[in-house]
Amino acid sequence: MEKLITRKGEIRRIPLYVDGLDEKMEGGVPEGHIVLVCGAAGTMKSSVSFNSVYNEAAMHGKIGLYISLEQSYPSLLNHIINMGYDLSKVNILLINNLSNISAQLEQIRNSKRGTLIFADLGCIRREIKDIKVTATVNEGWINVIKNLVKKIKSELELDLFVLDSLSALYVLSKFENPRVELFYIFQFLKDLDVTTYLISEMPLDGSRYSEFGVEDFLCDGIIHIRLTQFRRQVVREISIVKMRATNAKTDVFSLEFKDGKFQALYGGQNPLL
Amino acid sequence: MGTITFGFKNIAAKSGHLEERWNYDTNSLLLAAPKIADIDGDGKQEILFGTKEGRLISIDLDGNLKWSFSVSNEYTDMELMFLDAETSNSISGTPNIEDINNDGKKEIVFGTEQGILHVLDYSGKELWKFPTGGPIRGAALIQRFANNQTGVFFGSHDKQLYFLNGAGQLYWKFAADSPIESCPILTPTPVPMIIFGTNDGTLYSINLKSELLWKYAIGRKILAQAVSVRDEKENLRIIVGATDGDIYCIDENGALLWRFHTEGAIFSPVTVDDINNDGKKEIVFGSCDNKVYALTIDGKELWNYETDFWVVTSPLIADIDGDGRKEIVVGSYDHNIYILDAEGSYLLDYVPGVSGIVGQTGQYGEALTKQPGKTKGKKIWQYQTEGIIVGCAHIDGSIIVNTESGKINDLVHRKT
């Protein structure tokens with residue numbers, strides 16, 4: 001359940017670890033918020049989300065869960081290592097089958113280091129393609145995600161969660177009534193009190209931040225990353241569209257990744273100029 | 001020319017109030033109405049209901065637990081990951097009670113979210129169960145045939161309508177195009193028809209050999225059980241509500257006779273009875289436009305009454321205060337039980353200079369109802385419970401109310 005505060009400044013925040021941006025939003029995302037990280041392909045949505053979870057694990061011993069619906073674990077790990085993240089600073093746990101999760105979690109139960117748990121649902125899908133369950137396939141995969149999050153939360157105290165991506169979830173689970181079903185998914189996440197980044201592919205026309213539009217007002221925050229072309233150069237730009245309980249500057253910043261760190265350059269001006 | 005509307009009160013005004021006799025806390029959420037029956041043949045009625053966590057509970061009429069049966073988990077750990085742990089064992093429908101195996105005692109039949117139809121004996125011991133390929137969310141229909149054999153009909157999310165005998169053996173199953181969440185009915189016609197609705201909004205009629213007779217496309221989910229009734233000319237009418245907010249009246253050949261529109265989805269079966277002692281049957285139902293409606297058998301509105309939230313459950317028609325006149329009992333999502341005057345309250349439109357005031361007696365009599373004007377729903381009593389009302393039942397002056405939060409309330413009328 002969402003906690004009630006009694007005075008300003010009491011809200012604990014999770015930084016995005018993007019220099020120049022966190023300070024424009026009172027230090028970061030309020031703990032327990034559900035944030036849409038949206039943009040087109042290639043905008044580094046996954047990397048920005050991972051960056052926050054990794055740094056919280058490495059610097060503060062937090063536990064983060066990254067569920068990938070589209071990218072395989074080896075592909076994701078190669079990408080992360082290639083970006084320069086030092087994975088030796090954290091425990092890494094891979095969940096690629098659903099039968100021994102508790103035993104896996106037990107291995108790191110008493111660790112003082114932070115932990116990154118990767119769940120490769122693509123791999124799990126291949127493994128259990130013949131499973132017989134009475135629930136429909138649609139509900140089934142949403143339940144897998146919910147049960148994973150719930151299990152880790154109850155056994156290890158999960159702090160951060162990334163779902164990569166909402167768009168892939170929609171392909172996997174055809175929602176009959178998206179407004180109702182998404183309401184309950186968001187409610188589930190809010191009740192768990194886990195800071196959540198939901199990665200959302202924006203429609204090509206850029207008319208809304210998510211597939212059904214309803215996610216925009218169900219979430220607590222929206223971080224928008226976009227590609228902007230300047231002559232033959234393309235640069236990334238980031239802005240905080242919405243962040244509840246936060247006095248956030250909604251300016252557009254240029255987003256750069258340099259020396260293993262994200263930076264938001266103030267002014268929304270093209271850094272090439 | 002303007003009109004002046006007069007409201008008239010019933011001369012024999014209803015007195016008293018509703019009060020709680022007892023309540024029973026199930027410590028689980030409830031999803032459906034209770035069923036009341038003497039299942040063990042001891043001359044005393046029992047109250048039976050299922051819970052969201054998967055228990056079938058029997059309590060006596062004083063609110064004491066008699067027994068409870070827990071649905072067991074039939075899944076591996078991996079399969080459980082694909083299920084919603086909070087609902088995987090849920091009992092979503094009202095249990096049905098009948099002597100299905102001719103042993104002189106009644107059995108209890110109910111389905112679960114696991115997709116299993118369970119049959120228990122009067123003491124809560126499981127006699128048999130029947131697995132299907134999807135959740136069973138509606139109640140099962142139990143039918144006794146002329147040869148004294150019984151049949152169990154029920155639908156499943158696997159899109160099949162099942163017909164079992166009293167021992168749990170499958171006679172046949174009928175494949176629909178969509179999941180079935182409504183409880184089927186069997187028409188009292190020389191050639192019985194099985195009527196049921198599906199989630200794609202189709203009303204099916206099949207015979208006892210599982211042959212399709214007709215289909216009627218409504219287009220939106222049909223979750224309510226259809227009701228068959230004979231009109232004044234003894235013609236069969238099938239009346240069903242759908243989530244598009246309409247009540248449909250269909251003849252026995254599948255042709256639409258009339259439809260009545262409301263502004264909210266309809267989830268529960270209509271109740272049919274002669275509510276105003278005029279010798280004709282009326283239709284009463286609730287809608288998610290927050291209203292309870294009373295219609296004539298021809299689909300003309302008699303009155304409506306607006307509560308503060310959705311009316312999802314079926315109204316009950318009973319004489320609550322023992323005065324020989326019927327009342328309508330309605331549970332609303334606004335946490336309240338409403339007792340409504342079955343006849344409504346008459347409003348007379350007086351048009352100055354045109355209508356004569358003479359003869360406008362303001363009573364419920366024939367003379368008045370022939371005058372120009374209209375009737376509106378009239379609340380007699382109201383009782384606030386602790387939760388959303390998901391169903392109620394009536395027995396011997398008691399209204400048994402199931403709330404979503406897990407409380408069962410026994411409400412009675414007191415004259416003072």
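Chain B of this predicted model contains two helices and 35 strands, where helices (H or I, at least four residues) and strands (E, at least two) are DSSP runs numbered from the N terminus. Its radius of gyration is 22 Å, close to the 22 Å that the globule rule gives for 416 residues, so chain B is as compact as a globular protein of that length. The radius is taken over C-alpha atoms, and the globule rule is 2.2 Å times the number of residues to the power 0.38. The secondary structure of chain A comes to eight helices and 13 strands.

Residues are numbered from 1 along each chain as its sequence is written, and chains are lettered from A and ligands numbered from 1 in the order in which they are written. Because the model is predicted, local features need pLDDT of at least 70 and side-chain atom pairs count only at pLDDT 80 or more, while totals for chains, interfaces and linings use all residues.

**Overall dimensions and packing**

- The C-alpha atoms of chain B fill a box of roughly 80 × 50 × 45 Å along the principal axes.
- In chain B, 46% of the 416 residues count as buried; a residue is buried if 20 or more other C-beta atoms lie within 10 Å of its own, exposed if 12 or fewer, and partly exposed in between, with C-beta atoms placed from the backbone.
- Among chain B contacts between residues at least 6 apart in sequence, 49% join residues at least 24 apart; two residues are in contact if their C-beta atoms, placed from the backbone, lie within 7 Å.
- For the 273 residues of chain A, a compact globule would have a radius of gyration near 19 Å, and the 18 Å of chain A agrees with this.
- The C-alpha trace of chain A spans about 60 × 45 × 45 Å along its principal axes, and 41% of its 273 residues count as buried.
- In chain A, residues 24 or more positions apart account for 70% of the contacts with a separation of 6 or more.

**The open sheet S23 to S26 of chain B**

- Four strands of chain B form an open sheet in the order S23-S24-S25-S26, with antiparallel pairing; two strands pair if DSSP finds at least two bridges between them.
- Strand S23 (271–273) and strand S26 (301–306) of chain B stand at the edges with a single partner strand each, so one side of each is left without a neighbour in the sheet.
- From one strand to the next, the twist averages 15°; axes are lines fitted to C-alpha atoms, for helices over the stretch in contact, and angles run from 0 to 180 degrees between N-to-C directions.
- Five bridges join strand S25 (residues 291–296) of chain B to S26(B) in the antiparallel sense, and B:Val292 has B:Tyr305 in S26(B) as its bridge partner.

- Strand S12 (residues 150–155) and strand S13 (residues 160–165) of chain B pair in the antiparallel sense over five bridges, with B:Leu161 in S13(B) as the bridge partner of B:Gly155.
- The hairpin of S12(B) and S13(B) has four residues between the strands, and B:Lys159 there takes a positive phi near 75°.
- S13(B) also pairs with strand S14 (residues 170–175) of chain B, in the antiparallel sense over five bridges; B:Gln160 stands opposite B:Ala175 in S14(B).
- Four residues lie between S13(B) and S14(B) in their hairpin, where B:Gly168 in the turn has a positive phi of about 90°.

**Helix H7 of chain A**

- Helix H7 (residues 178–192) of chain A has 15 residues, which at 1.5 Å a residue should span 21 Å, and its end C-alpha atoms are 21 Å apart, which agrees; the expected span is 1.5 Å times one less than the number of residues.
- The buried residues of H7(A) are A:Leu182, A:Ile185 and A:Leu189. They cover an arc of only 60° around the axis, which puts them on the same side of H7(A); the arc is that of the directions from the helix axis to the C-beta atoms.
- An α-helix has 3.6 residues a turn, so residues three or four places apart point the same way.
- On the other side of H7(A), the exposed residues are A:Arg179, A:Val180, A:Tyr184, A:Gln187 and A:Asp191.

**Backbone features in chain A loops**

- A:Asp193 follows H7(A) and lies in the loop between H7 and strand S9 (195–201) of chain A.
- Although A:Asp193 is not a glycine, its phi is positive, at about 60°; with 15 C-beta neighbours inside 10 Å, A:Asp193 counts as partly exposed.
- A:Glu157, in the loop between helix H5 (137–156) and S8 of chain A, has a positive phi near 65° and is a residue other than glycine.
- With 10 C-beta neighbours inside 10 Å, A:Glu157 counts as exposed.
- The peptide bond from A:Asp164 to A:Ser165 is cis, with omega near 10°, and A:Ser165 is found in the loop between strand S8 (160–164) and helix H6 (166–172) of chain A.
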